[in-house]
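Biologist: I would like to learn how to read a model of this kind, feature by feature. Could we take the general idea of each feature before turning to the case at hand?

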Amino acid sequence: GKLGRYPPWPGKIVNPPKDLKKPRGKKCFFVKFFGTEDHAWIKVEQLKPYHPHKEEMIKINKGKRFQQAVDAVEEFLRKTKGKDQASSHNSNEEKNRRNSSEERGKQSAGEEKRKASLSEGKLKKGTGEGKKRVSSVSSERGSKSPLKRAHDQSPRKRGRPPKDEKDLTIPESSTVKRVMTGTVAGFKWPPSVSEPVKDSDPHFHHFLLSQTEKPAVCYQAITKKLKVCEEETGSTSIQAADSTAVNGSITPTDKKIGFLGLGLMGSGIVSNLLKMGHTVTVWNRTAEKCDLFIQEGARLGRTPAEVVSTCDITFACVSDPKAAKDLVLGPSGVLQGIRPGKCYVDMSTVDADTVTELAQVIVSRGGRFLEAPVSGNQQLSNDGMLVILAAGDRGLYEDCSSCFQAMGKTSFFLGEVGNAAKMMLIVNMVQGSFMATIAEGLTLAQVTGQSQQTLLDILNQGQLASIFLDQKCQNILQGNFKPDFYLKYIQKDLRLAIALGDSVNHPTPMAAAANEVYKRAKALDQSDNDMSAVYRAYIH
């Protein structure tokens, strides 16, 4: 498959333990995964029938553990084949009283007929037939789940019931057990590509490719494995599901870490890497910023090239495309320290062209490259609660696991280099435009004789309520513009996002209007204040 896309995994629908609550929201089944003995709640839309997708799965994943899982499925099917022949597929009376072993026995002959009800759930969304078939098994509600919909397509037309609809009906009283392949999987990473699961942080999530829904806890408390869960756009999420690691402790990688750039974001990141026990060598353009981290146990690098040459994985977080290029290509730069096997992770928010160029020169020297810009601010960086958007070398992404857990709450793997840059610019475009709108509303309230505090109170009671809205409004009301996210950097991101729209002839009028307001704020010497100081551009 595409770079970064994790393969499907075979599993079987089983009855959940009586004391285990079902996730809220969309209908789902409790699935036991072959070869790993993991269990997870899987939404009905995520399930695919085993036989039609068997060859595709095998092509995608040639690993030993996966082959063992396929062997387990085939053994299971052999044992139940006889029961399949003995069971009656067309009797309504029979289907209302069949038990779990009979259901398992219908694998091989009934698989194609079940395709519509277990795969492509979204094709039946909004239609009575699809909902009716699964309602008896999936209407219960319980804890939240981040398991997402599989990236599926079906040739069958939307809304049309499949042939032999009667054979797809799940009886109210049945124990449903089916063999299927879910693009959601229970899979334990081999020690060679990730840290021991027992020390993983249960509050940290990895998302591969992308994710559109808010992550939440989806694992069984007793399971001490990694859950790999696929979502709507074809991504997987990896969660540490070890309930014993409630303190969030992680085992730091034994690789030597380098870090270049100790600004608002970099400082918090390095602090958290050190707290979690990583060996870190730091460098900053103004060397005095390194002193605090040397006291905390970091080593000092004299040049970017030296840091890269002495470390296994070097991270960088600088201000803009020019700084990112200078850091790599300049004198005593990153590129001079790159040799085969060296790893470079650029966390700067830059445009896709810049990051693609940097990736090419790093890889041309035998290095490995990952882009990993972060969504957040100084406070979130200090708290180790950043959102990391990564793309590039998938193996390097996995090698960075303990580092990402130390610095963030969530990471997303988005595929090929450039994807993370584009996504990050879009995220910051939305955030910057929203900040300008907040400032516009507060100033309009003021000049029309309305209470700004009352406006905030009203917004906080409505659907726009958020931490961001409240904090930025409080900054403005208190006149406190101490930088949490520099205004000059959000303007830079708006500028780059507009250029991204230009490159594909896509209109970005909202971002363009917001950008003009930030430019005015910069002209009023607000560049080094927080983005909320855009408020001052509206004051007459």
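Predicted model: local features only at pLDDT ≥ 70, side-chain atom pairs only at ≥ 80, totals over all residues.

Biologist: Is Trp41 buried or exposed?

Modeller: Trp41 has a relative accessible area of 7%, and because the cut-off for buried is under 20%, Trp41 counts as buried. The C-alpha atom of Trp41 is separated by 5.6 Å from that of Phe29, although these two residues are twelve apart along the chain.

Biologist: How should I read the pairing of strands, and which strands pair with strand 13?

Modeller: Strand 10, residues 257-260, runs parallel to strand 13 and is joined to it by four bridges, with Gly258 having Thr314 as its bridge partner in strand 13. Strand 14, residues 343-346, also pairs with strand 13 in the parallel sense, over four bridges, and there Val345 stands opposite Phe315.

Biologist: Which way do the residues of strand 13 point?

Modeller: In strand 13, residues 313-316, Ile313 and Phe315 point one way while Thr314 and Ala316 point the other way, and all of them are buried.

Biologist: What is a disulfide in general, and how many does a search of the whole structure find?

Modeller: A disulfide is a covalent bond that links the sulfur atoms of two cysteines. In this case the search of the whole structure finds zero disulfides. Cys343 is in none, the nearest cysteine sulfur being that of Cys400, 7.3 Å away. For Cys403 the closest cysteine sulfur is also in Cys400, at 5.7 Å, which is too far for a bond. Cys343, at 5% relative accessibility, counts as buried, and so does Cys403, at 0%.

Biologist: How is empty space found, and where does the second largest pocket lie?

Modeller: A probe the size of a water molecule is rolled over the atoms, and this shows where empty space is left. The second largest pocket holds about 930 Å³ of space. Its lining is made by 38 residues, of which Arg285, Cys317, Val318, Ser319 and Tyr489 are the closest to its centre. The elements that give two or more residues to this lining are helix 7 (264-275), helix 10 (321-329) and helix 19 (487-503). Because domain 2 (237-417) and domain 3 (424-537) both give residues to the lining, the pocket lies between them.

Biologist: What classes of residue make up the lining of this pocket?

Modeller: The lining of the second largest pocket has 15 nonpolar residues, 13 polar and ten charged.

Technical notes:
Residues numbered from 1 in each chain as written. Heavy atoms only, no water. Disulfide = S-S within 2.5 Å. Buried < 20%, exposed > 50% of the residue type's maximum accessible area, 1.4 Å probe, protein only. Pairing = 2+ DSSP bridges. 1 Å grid on protein atoms, 1.4 Å probe; cavity = no way out; pocket = protein on both sides within 12 Å on 5 of 7 lines; lining within 4 Å. Points joined across faces, edges and corners; volume = space filled by probe spheres on them. Nonpolar A, V, L, I, M, F, W, Y, C, P; charged D, E, K, R; others polar. Domains from an automatic or database assignment.
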